[in-house]
Each structure stands twice: as C-alpha cells, then as structure tokens.
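Have the model open beside you as you read.

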Amino acid sequence: MSKHESEADIQLWDLSLSVFNQKENLLRDISRVYGEGLYSDITFLMADDVSLSTNRFMLACRVPYFATMLHGGLPVDQTNNSIPLNCCDSKTFQQILNYVWGEISFSDLNIQSLLDLLEASRFFCLDSLVDGVVEYLQYLLDSQQVEFKDCLTALDFLILHKFTASDLFLKFIDQNLSSISSLPEFDNVSEYSMQALLKYEKTSTEIVLFTALSKWLENKASLPANARMEMLSYFDLERFSKNDLVKIVRKTNFFQIDAQNKQIEAMQGHIEAQQTQIKESKEELKAQKKQIKLSLQGYWG
C-alpha cells in the first residue's frame, strides 16, 4: 500500500464516521481575529480611563461574569459608547482578554501585576486562571525568583484581599526571616501581616522572630497598646536562651522586669542543679573507682 493510499484510507475512515475535525483551524482563526482586532462590538472604560474593545460573544462564552452581565441580570447601560469597568486597570484587563482568546503568559508580569491579575480573575469568577496564577507564584518561590521585598508586597496584598495563597509567602518569609526583616521595606509591613507572621507555625527561631518584631515596632508609636500586647503574647520567655534574654530581650523593655528576672533565675537554678548533679556523679564515680581498686588489691594480695 502506497503512502497516498494510506492517507486516502484515513480520510475515508474519518468521513465514514461523519467527522470533519476543524478544531485546529478554529483556534487559528480565533487567534487571527483577536490579533487583528476584528469584530469588536463592545468597549469598556477601565479604572485608569483607558478604553478596551473586544467581542461580546467571546466574553460571554469564556467569562461567567460577562455571561451574566451581557445576557443575564446585571444592569448595563449600553447606550453609551463605553461601559465603565472599575474593577481593574487596562493592563490587567488586557491579560484577562488574552486568557479569553486562548493564551496568556505570566513570564512578562512582575509580582504586582500577577497579584492584580489574581484579584481580577477572582472578580470575574475565572477559577482556572486563579489557580494558574497561584501555581505560578508557587513556582517563582520554589525557584527563588522572587525578590525579598516583593514577598512583603505580596503578603500584604494577599492578606488584605483574603487569599489563602498568603500561606505560600508566610512560609517563604519565615524561612528567610533573618534576611527579610533587615530590609527597610519590612518596617512598612501591615499590622495584619505582622500578626499573621507571628501566628504562623514557624521554622525560624524564637529570637529571630522576636528581633524582627522589635525592629518593626520601632516606628509604631501609634500602634494601640492592646495590639502591641497581643503580638508580644505569642512569645514564651522559656523558649529563649539565657544569653538572648540578657543581651536582647531585656533591653527592649517589652516584658515586665520581674518576669524576665524570674525566668533568668529559673534558668540559673536549672544550671546550678545540673552542675550539682554533675559534681555528685563525679564523686560517685570516684568512690566507685576507689572501691574497685581496693577490691583488686585484696584479690591480688
């Protein structure tokens, strides 16, 4: 059987099933329409006063929000040339349109742009795009492609907008807290982010977290006393070493002096008890050696 005959058989087989597959051509034509800006019949005025036009059929097919807006119950004034859409700016909505028409790339977006896209995706009920952005953020963190200062920006944003993806950045910041807390940007982290970091099941040491909080509190004179006390309540003096208590914790005056002294005295008492036990063990060992020596002398005598 020749190659030509094989191709003919395949074609006949397809025709015998009454299937004429045009998916590739369809995707190609859709891409061409989007790329050339053809058949746009709806225009939106974005939050940054930039207008973007597209095709309402594609929007309704691909985005649940627009299916409801254009063919459902949302009131839309279509007498004007542009429909106001204040949920995001034109750059973010352009990415939404890229997704609508078949392909979106995250690689050219910085952290803030990714966060804005994440928020817009949730607003438009695009769950698959939300998941895609979160997975890409995870990839960036795992591959160490996020600057420390951008992690702080992301944490504030995700906590403010109540995204569970904040846990990704809490974990990363906690693992790198000593370096991140030394940045000037750390001083501007929100109160809510600081509380989340304190509550997080940390891997950083108690003294590293305490030092970070101490630095953050330096310029927080307006912070309510109850908020300050709540933050300090996450620390247990028993988890600090005696050296850290004396050289670092005590100097901040965050805790009652009596409590610090009591903890230091308890540590000192524990150390003295251990020293006494070691001394008694040495004396007992010495007595045992002496007894063994006398026994050996009696045996060989």
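Where is Asn253 found? Asn253 sits in the loop between α14 (242-252) and α15 (257-300).

## Ground rules

This is a predicted model, where local features need pLDDT of at least 70, side-chain atom pairs count only at pLDDT 80 or more, and totals for chains, interfaces and linings use all residues. Residues are numbered from 1 along each chain as its sequence is written, and side-chain values use heavy atoms, with hydrogens and water left out.

## The chain overall

The chain has 15 helices and three strands; these are DSSP runs numbered from the N terminus, with helices being H or I of at least four residues and strands E of at least two. Of the 301 residues, 34% are buried. Buried here means under 20% relative accessible area, exposed means over 50%, and partly exposed is in between (1.4 Å probe, protein chains only).

Take the contacts (heavy atoms within 4.5 Å) between residues at least 6 apart in sequence: 62% of them join residues at least 24 apart.

Asn253 is exposed, at 56% relative accessible area.

Gln144 is another case, with a positive phi near 55°. Gln144 lies in the loop between α7 (127-142) and α8 (148-160), and it counts as exposed because its relative accessibility is 54%.

## The strands

Strand β1 (residues 42-46) has four of its five residues buried, so it is largely enclosed by the rest of the structure. β1 pairs with β2 (residues 51-54) in the antiparallel sense over four bridges, and strands count as paired if DSSP finds at least two bridges between them. Phe44 stands opposite Leu52 in β2. β1 and β2 form a hairpin with four residues between them, and Asp49 in the turn has a positive phi of about 65°.

β1 also pairs with β3 (residues 83-85), in the parallel sense over three bridges. There, Leu45 stands opposite Pro84.

## The nonpolar core

The largest nonpolar core holds 77 residues, and Phe44, Phe66, Phe93, Phe124 and Phe186 touch the most other members. Such a core is a set of buried Ala, Val, Leu, Ile, Met, Phe, Trp, Tyr and Cys residues joined through side-chain atoms within 4.5 Å. Not counting residues up to four places away in sequence, Phe124 touches residues including Val63, Tyr65, Leu85, Cys87 and Ile96.
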